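Subject: Structure handover

Hello,

Here is the structure we talked about.

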Amino acid sequence: MTVVLGIFHEAQLFFFVLCAVLLWMGQTTPGKLNPKPGPVEGEYIEVISWAPRVFLYHNFLNKEDADHVVELAGNKVQRSQVVAHGGGATVSSSRTSSGVFIMGEDREDVVIQKLEDKIAKWIQIPKENGEAFYLLRYQPGEEYKPHTDWFRDLAVGTGQRICTVILYLREPEEGGDTTFPSVGLTIAPKAGNALLFWDVTPERKEDSLSLHAGTPVIKGTKWVLTKWIREYKYN
Ligand SMILES: O=C(O)CCC(=O)C(=O)O
């Protein structure tokens, strides 16, 4: 009996040591993926549409970082403008929000840098291809009517805007959806989420299906951070 028990214990001991060694190898063997590379708790990416290409990253950023960005530059917003025909910028009734580009010292902010790095990692395009973040505030009644983000009259060397990322920092109580009217898509501006859509097709043609809008806020205030990504290094 004692001999049988002894063999059993030895077998058990051998089994545990083997498991520990295999586990250790799995964690440390060069070239092997971390066995737990999956999403951080609460983060996941949803494919919304393939035509146009639209993806929603749930819980991309936390409330603390979102509040930090609003506190960093929220008091600098001014009436938004649109790209005028023939270049330059102009105020338009199609875009009634207020906004500011996060540039200079503010762009060096640790949270801004963290968000830029996280976007680059997500979309696999170097952060140097991104324009500065544009912080946008919509109050009740304010909107951005349907438009596309790609440039019609592309100045030589500037590079086309190929995709757009919108980080929802603070959601309004009502209204303020992002919509794609050509394909009947509506994305709720849920704080913490990030929306990615492609302004060009996989063939790098301007994608008319990427027509999108920020619908009027009805109640409360909506804050977003928009980043337009160019096809070449931009900064
Ligand atoms: O505010 C939104 O939901 C859309 C913003 C937008 O269309 C843009 O920044 O290009």
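**What was found**

The protein chain has 4 helices and 16 strands. Helices (H or I, at least four residues) and strands (E, at least two) are DSSP runs, numbered from the N terminus. This is a predicted model: local features need pLDDT of at least 70, side-chain atom pairs count only at pLDDT 80 or more, and totals for chains, interfaces and linings use all residues. Residues are numbered from 1 along each chain as its sequence is written.

**Overall**

Of the 235 residues in the protein chain, 28% are buried. Buried means that 20 or more other C-beta atoms lie within 10 Å of the residue's own; exposed means 12 or fewer, and partly exposed is in between, with C-beta atoms placed from the backbone. Take the contacts in the protein chain with a separation of 6 or more: residues 24 or more positions apart account for 73% of them. A contact needs C-beta atoms, placed from the backbone, within 7 Å.

**Strands β9 and β16**

How many residues of β9 are buried? The count is 10 of the 10, so β9 is largely enclosed by the rest of the structure. β16 is mostly covered, with 7 of its 9 residues buried. β9 (161-170) and β16 (222-230) run antiparallel and are joined by 8 bridges. Strands count as paired if DSSP finds at least two bridges between them. Y168 has V224 in β16 as its bridge partner. C163 stands opposite I229 in β16, and also opposite W198 in β13. β9 pairs with β13 over 5 bridges, again in the antiparallel sense. β16 also pairs with β7, antiparallel, over 5 bridges. There, Y138 has K222 of β16 as its bridge partner.

**The nonpolar core**

The largest nonpolar core holds 37 residues. Such a core is a set of buried Ala, Val, Leu, Ile, Met, Phe, Trp, Tyr and Cys residues joined through C-beta atoms within 7 Å. C163, V165, L167, L169, A194, L196 and V224 touch the most other members. Elements that each supply at least two residues include α2 (63-73), α4 (110-123) and β13 (194-198). Which element gives the largest share? β9 does, with 7 residues. L169 touches A66, V69, V70, A191, W223, V224 and L225, leaving out residues up to four places away in sequence.

**Around the ligand**

The ligand is surrounded by Y144, D149, T164, I166, T178, H212, G214, V224 and T226. The shell divides into 3 nonpolar, 5 polar and 1 charged. Here Ala, Val, Leu, Ile, Met, Phe, Trp, Tyr, Cys and Pro count as nonpolar, Asp, Glu, Lys and Arg as charged, and the others, Gly among them, as polar.

**W150**

W150 is in the loop between β8 (144-147) and β9. Is W150 buried or partly exposed? W150 counts as partly exposed because it has 19 C-beta neighbours inside 10 Å. Beyond four places in sequence, W150 is in contact with Q160, R161, D199, V200 and E206. W150 and W228 are 78 residues apart in sequence, but 9.3 Å apart in space, C-alpha to C-alpha.

Best wishes

How values were computed. Near = placed C-beta within 6 Å. Contact = placed C-beta atoms within 7 Å.
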